[in-house]
Amino acid sequence: MKKIQISPSILSADFSQLGNEIKRLEDAGADMIHVDVMDGHFVPNLTIGPPVIKALRKYSELTFDVHLMISPVHKYIKDFADAGADIITIHPEATDNLAESIKHIKSFKKKVGISLNPNTEVNIIENELENVDLILVMSVHPGFGGQKFIPEVIKKIELLKKLKDDKNYKYDIEVDGGINFSNSKDVINAGANILVSGTTIFKENNGNIKKNIETLKEV
Ligand code: DX5
Ligand code: ZN
């Protein structure tokens, strides 16, 4: 069984202190930092872009797990690679040519992820599964933190795990949205090995981030 990793989403962090918040997450045992980029077009919310990621890069050596909820996405990939993203995750609906966008991310020596919205089925990316490092399963409709987990995505996680085992694919399975102490074990048992969390990590146990990260990892 792969080690369970936690990728806290800074969408729930104090945006006026993002550098210090990233240091706080690293000190509390975060395995990587989930950076939610939103353009107000692909999703109905706007957050940060490459200049902010560039500014945050010096605050931590942790992997920047950058989730691009932007479209069109292809022409911005270089900017995020240059800003210091380590994993660049895109939505298939945001590019005209998924295979080309995957190649483009790899050309910058970055890890590539594909994110599947709750209504997006695995079969539309079946041909790319062997080429990616990460599948980001959305367990909420993207755009905001603090939403309710959609339990129907458990089946998608199980399918991705079966495909990975049957065909010996290498991708990590990351789940993102509404993850809390009552569903994290189900998500891990279904096959996820990376959990994203914003609200639970920053708000539970009076904001004891270390305790919240450790609790989410428990199987
Ligand atoms: C939503 C983002 C998620 C979200 C997770 O569009 O992709 O990463 O910030 O936040 P919580 O854990 O609060 O659902
Ligand atoms: Zn995200």
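Predicted model: local features only at pLDDT ≥ 70, side-chain atom pairs only at ≥ 80, totals over all residues.

**Stop 1: helix 4**

Select residues 98-107, which form helix 4. Colour Leu-98, Ser-101, Ile-102 and Ile-105: these residues are buried. They share one side of helix 4, because they cover an arc of only 100 degrees around the axis.

Now go to the start of helix 4 and show Asn-97. A side-chain oxygen of Asn-97 comes to within 3.2 Å of the backbone nitrogen of Ala-99.

**Stop 2: two positive phi values**

Lys-109 sits in the loop between helix 4 and strand 5. Its phi is near 60 degrees, a positive value in a residue other than glycine. Is Lys-109 buried or exposed? Lys-109 is exposed, with a relative accessible area of 76%.

Next, select Asn-206, in helix 7 (residues 199-207). Phi of Asn-206 is also positive, near 50 degrees. Asn-206 counts as exposed, at 83% relative accessibility.

**Stop 3: a cis peptide bond**

Select Ser-71 and Pro-72. The peptide bond joining Ser-71 and Pro-72 is cis, with omega about -5 degrees. Pro-72 belongs to the loop between strand 3 (63-69) and helix 3.

**Stop 4: rings**

Arg-57 lies over the face of Phe-64, 3.7 Å from the ring centre.

How many aromatic pairs does a search of the whole structure find? It finds one. The pair is Tyr-169 with Tyr-171, at 5.9 Å centre to centre. Their planes are 35 degrees apart, and the pair is tilted. Tyr-169 is buried, with a relative accessible area of 17%. Tyr-171 is buried too, at 0%.

**Stop 5: ligand 1**

Centre on ligand 1. There are 20 residues around ligand 1, and Asp-36, Gly-143, Asp-176, Gly-198 and Thr-199 come nearest.

Check these distances, each to an oxygen atom of ligand 1:

- Asp-176: 2.6 Å from an N or O atom in its side chain.
- Gly-178: 2.8 Å from a backbone N or O atom.
- His-67: 3.2 Å from an N or O atom in its side chain.

Definitions and conventions:
Residues numbered from 1 in each chain as written. Chains lettered and ligands numbered in written order. Heavy atoms only, no water. Phe/Tyr/Trp six-rings, centres within 6.5 Å; stacked < 30°, edge-to-face > 60°. Buried < 20%, exposed > 50% of the residue type's maximum accessible area, 1.4 Å probe, protein only. Lys NZ or Arg CZ within 6 Å of the ring centre and 35° of its normal. Helix = DSSP H or I, 4+ residues; strand = E, 2+ residues; numbered from the N terminus. Arc of directions from axis to C-beta. Polar contact = N/O pair within 3.5 Å; in protein donor to acceptor, adjacent residues only side chain to side chain. Near = heavy atom within 4 Å.
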